Amino acid sequence: MEQTLQVILIAAGALVVVIMLFAAAACAVRRKNRGEIPITRPLAATGPSSTFDLKQVSMAELEKATHNFSPDLIIGHGSFGMVYKARLPHAGLSTVAVKKLSPDAFQGFCEFRAEMAALSKLRHPNIVTILGFCDTGSDRVLVYEYVENGSLDQWLLLARKQDLIKIAETPRSRLPLSWETSIKIAETPRSSRLPLSWETRIKIVRGVASGLAYMHNLQTPIIHRNIKASKVLLDSDFEPHIADFGFSRIIDGSLSHVSTRVAGTMGYMPPEYIQGATMATAMGDVYSFGILMLEISTGIRPDLPFKEERNGKEVRLVEWAREKLAQNLHMEILDANISRAGLEQSGVVEFLRIAFLCASDSSMDRPPMREVVELLNQIPT
């Protein structure tokens, strides 16, 4: 009799466990169907965390807000899709940036997952904030805070000439928009803009460094893998916000990530990636940041060769700048649009020293971003 009672109790206990498992699964399914994604988001690298739900926005709302993704509302582009300015008052969001990923690109799906995974874990004043998403059928859309002054590269390259050249050299079948629309966008005049001052450029560099240092020093670090001028957005106070985390990776354990493909942009990628290294590291971000510093100080794109004025020889930014520094011509490197009035040469020398320290060919010689932040804060402005 006692044995029979034990069997009954064991069976009843097992039944309760099974019921609880089914109930948990049902709740998870219902939550997914409602679009609720509970996400733990650290407030600081070592601070507390808060849980919140990203807002799911319907495709109908997004189409209405963007006038069916009108080219007239395009404000930029990410790695695998266009970015539109929109208002979503019915979704409880004001002016936002809407990034629609290419539906026919498998890599676009990978980017969607990577960006959701990375940005949902980040909260920092120098990292763009993700507000919502849409994942319906083949449509994948991300909704971000709207950053008023656009991307950094638009301020460094005030002319549209390179945009037109790029469009002209791109096969029409690969353009994300029609040929006529692409030309129209490229020829649209920008609002009247003054060149960025030296003080503003240092402010931008310090902000980007702070954002990267935060990412790299999280309990579970994140590497961006595609730092460049077009991935830095500027708000109304010219405070930078790192954006476009489609190539980013969350790192478990060491500050490295085994990758089966090269990620990044030529000119910004560290030598070890180009030489076939499969280990993406935080030091790769540091190298790209150093190249970005050179671009910000010179106004020259690192991914395209250019001709020197004196001899007409075709060179690339890093080699040209390194040769100038070897001749102690630091001030000649600076963007001609930067006012020299009151500019301290010692600050320029230190800025460029830090840039080349970050852009060292050897990853072992590059300082961690936390140290870079400290070095940048010591530059006189």
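Which residues in H12 meet which residues in H13? The legends below take up this question first and then turn to other close-up views of the model, which is a predicted one.

**Figure 1. Contact between helix H12 (residues 345-358) and H13.** Arg353, Ile354, Leu357 and Cys358 are the residues in H12 that meet Val372, Leu375 and Leu376 in H13. The residues of this contact divide into 6 nonpolar, no polar and 1 charged. The axes of H12 and H13 come within 10 Å and cross at roughly 170 degrees, and the two helices are therefore roughly antiparallel to each other, given that angles over 145 degrees count as such. Helix H13 (residues 369-377) is also where confidence in the chain is highest, with a mean pLDDT of 97.

**Figure 2. Contact between helix H9 (residues 282-298) and helix H10 (residues 317-326).** The axes of H9 and H10 come within 11 Å of each other and cross at roughly 70 degrees, which makes H9 roughly perpendicular to H10. On the H9 side the contact is formed by Ile291, Leu294, Glu295 and Thr298, which meet Leu317, Val318, Trp320 and Ala321 in H10. The residues of the contact of H9 with H10 divide into 6 nonpolar, 1 polar and 1 charged.

**Figure 3. Salt bridge between Asp139 and Lys100.** A search of the whole structure finds 9 salt bridges, and one of them joins Asp139 with Lys100, the closest N and O atoms being 4.0 Å apart. Asp139 lies in strand E8 (residues 139-145) and Lys100 in strand E6 (residues 93-101), so that this pair ties together parts that are 39 residues apart in sequence. With a relative accessible area of 22%, Asp139 is partly exposed.

**Figure 4. Salt bridge between Asp244 and Lys231, with Lys99 in the network.** The side chains of Asp244 and Lys231 meet in a salt bridge, with a distance of 2.5 Å from N to O. Asp244 lies in the loop between strand E11 (240-242) and strand E12 (249-250), whereas Lys231 lies in the loop between strand E9 (222-223) and strand E10 (232-234), so the pair ties together parts that are 13 residues apart in sequence.

**Figure 5. Salt bridge between Arg301 and Asp303.** The side chains of Arg301 and Asp303 meet in a salt bridge, for which the distance from N to O is 2.8 Å.

Figure 6. Asp153 counts as partly exposed, at 23% relative accessibility. When its neighbours within four places in sequence are left aside, Asp153 is in contact with Ala229 and Ser230. Asp153 and Lys228 are 75 residues apart in sequence, while their C-alpha atoms are 8.4 Å apart in space.

**Figure 7. Positive phi values at Arg225 and Phe238.** Arg225, although it is not a glycine, has a positive phi of about 75 degrees. Arg225 lies in the loop between E9 and E10 and counts as buried, at 5% relative accessibility. Phi of Phe238, likewise a residue other than glycine, is positive and near 60 degrees. Phe238 lies in the loop between E10 and E11 and counts as partly exposed, at 21% relative accessibility.

**Figure 8. The chain as a whole and the confidence of its parts.** There are 13 helices and 16 strands in the chain, and of its 381 residues 45% count as buried. Among contacts between residues at least 6 apart in sequence, 62% join residues at least 24 apart. The mean pLDDT of the chain is 76, and 65% of its residues reach 70 or more. Confidence is lowest in strand E1 (residues 38-42), at a mean of 30. The pLDDT is also below 50 over residues 187-192, a stretch that has 8 contacts in the model beyond near neighbours in sequence. Over residues 257-262 the pLDDT is again below 50, and this stretch has 17 contacts in the model beyond near neighbours in sequence.

Methods: Residues numbered from 1 in each chain as written. Predicted model: local features only at pLDDT ≥ 70, side-chain atom pairs only at ≥ 80, totals over all residues. Heavy atoms only, no water. pLDDT = per-residue confidence, 0-100. Helix = DSSP H or I, 4+ residues; strand = E, 2+ residues; numbered from the N terminus. Contact = heavy atoms within 4.5 Å. Axes fitted to C-alpha atoms, helices over the stretch in contact; angles between N-to-C directions. Parallel < 35°, antiparallel > 145°, perpendicular 65-115°, else oblique. Nonpolar A, V, L, I, M, F, W, Y, C, P; charged D, E, K, R; others polar. Buried < 20%, exposed > 50% of the residue type's maximum accessible area, 1.4 Å probe, protein only.
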